[in-house]
Amino acid sequence: VESIGDYAFRNCVSLKSIVISDNVKTIGREAFYNCESLLSVEIPYGITTIEESLFSNCTSLQQIIIPDSVTNIGSSVFSYCLSLEEIVIPDSVTDIGNNAFYNCRSLKRIDLSLCENLNIIGTCAFQNTAIQNLYIPNDVRQINKQAFYKCANLKQLAFEEKSQLIYIAESAFEGTELNSLIIPASVETIDVAAFYDCPIETILFESNSKLTIIKGVTKYDTNPSDNYISWSYANLGKGAFANNKMLKTITIPKSVIEIGASTFENCSNLQSVYFENGSNLTSLAGFGRMSTGSCSTTSCRGYGVFSNCTSLKSIIIPAGVAKLEIGTFLNCTNLTHVEFESGSTLSSIGGDKCSTIGCNRTHGVFNGCTSLTSIKFGGATPPSCSSYAFYGLTKSNITLKVPAGSLSAYSNWKSFKIEEYYD
């Protein structure tokens, strides 16, 4: 026998053991699907692809030996193998498919240390497993959506030296228990919710970082010209590092161009944000939300980079940032001082009002910043400012520090206290 066909032993619920001859070169999809009594399997050398759902729902499977002839672990191959506790991936494997080990709830140890050729960890590949420590080999280029989503025991994540990782996808590590994080220099994009709701105390970026985009929630407009999004978008408020209650300080690499909406939302212990010298940052994204029905306090608000960072006290914004968009500092109740670097290109400070009938809520850059006492502008030309940007604040309690010789240019800001400064 050289081949075992698709569905060959599917639903053989009493099958406890099987010996597969070395002569077998292919095993079809779902060949052992739902063999719920099967305890162990050794895949013969010569098999190159483990086909889709081959051992899915083998709930008693405790041991699986994968030979180093295998290059591809297909989608859902071991999903719902509830008794599997350990797996060693050989160095021949280049691709771990979508849902490969999905919901293997007893899987505590995943050994990827031999994987010198692994390029992709697929969508939901290890979602809902019991993995505690994770080592990512340096050839891995991308970690796909929800790859380690809700791995509630995962506390330690390490990347091999000289990692070539480029992309960390949406919700890749959302809901894990990671307590520290070092992002490899090779990473170019961190997607929305990648580390959402993780209790990370320390986030470091390797020197010479290539990171350009930290993605945030994006607008989902019924009307593309509208600055509001629809009621039902699933990732509202779930920025890349949002809802982290342990993070106190972070330094953003100079390579970063864009920080998306809600990136640090609800990081309630975040006290200090620094931007590396020579920052290329141009965008701190944000927007307001409009409900399709009646609005409520929770459903109608702004989604800004630092929304609800209630411990943040001051920040210096790089010169290249041209706009502060809706909700940037929403409810940063301890924020006292905002400074824009000398030569700032700031052109607008945003804000708006919900257009839903019966709703009068505003979404401004500084809404709820009740401790704000000073803003230092870095440019002689004042930015345009929405009438809702400082809504609810007593402007006469806020001092604007402007470059010497620019008092007349800021004459429309007369509701504030204005002082000149000299460099």
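Which residue forms a salt bridge with Lys-376? In this predicted model, the partner turns out to be Glu-339, with the closest N and O atoms 3.9 Å apart. The two sit in distant parts of the chain, 37 residues apart: Lys-376 belongs to strand S32 (residues 374–376) and Glu-339 to strand S28 (residues 337–340). Lys-376 is partly exposed, at a relative accessible area of 22%.

Another one pairs Glu-86 with Arg-109, and here the closest N and O atoms are 2.6 Å apart. Glu-86 lies in strand S7 (residues 86–88) and Arg-109 in strand S9 (residues 109–111), so this pair also links distant parts of the chain, 23 residues apart. Glu-86 is partly exposed, with a relative accessible area of 41%, and Arg-109 counts as partly exposed at 41% too. Through shared partners, salt bridges join Glu-86, Arg-109 and Asp-111 into one network.

Loops get involved as well. Glu-170 and Lys-145 meet in a salt bridge at 3.9 Å, N to O. Each is in a loop between two strands, so the pair ties together parts that are 25 residues apart in sequence.

As for disulfides, the count is zero. The sulfur of Cys-115 is 16 Å from the closest cysteine sulfur, in Cys-104, which is too far for a bond. Cys-309 is in no disulfide either, as the nearest cysteine sulfur, in Cys-332, is 5.2 Å away and the cut-off is 2.5 Å. Both Cys-115 and Cys-309 are buried.

Finally, the largest cavity holds about 40 Å³ of space. Its lining includes Phe-340, Leu-346 and Tyr-410, and has five nonpolar, four polar and no charged residues.

Definitions and conventions. Residues are numbered from 1 along each chain as its sequence is written. This is a predicted model: local features need pLDDT of at least 70, side-chain atom pairs count only at pLDDT 80 or more; totals for chains, interfaces and linings use all residues. Side-chain values use heavy atoms; hydrogens and water are left out. On a 1 Å grid over the protein atoms alone, a cavity is a set of points where a 1.4 Å probe fits but cannot get out, and a pocket is an open set with protein on both sides within 12 Å along at least five of seven lines; lining residues have an atom within 4 Å of a point. Grid points are joined across faces, edges and corners, and a volume is the space filled by probe spheres set on the points. Ala, Val, Leu, Ile, Met, Phe, Trp, Tyr, Cys and Pro count as nonpolar, Asp, Glu, Lys and Arg as charged, and the others, Gly among them, as polar. Buried means under 20% relative accessible area, exposed over 50%, partly exposed in between (1.4 Å probe, protein chains only). A salt bridge is a side-chain nitrogen of Lys or Arg within 4 Å of a carboxyl oxygen of Asp or Glu. Helices (H or I, at least four residues) and strands (E, at least two) are DSSP runs, numbered from the N terminus.
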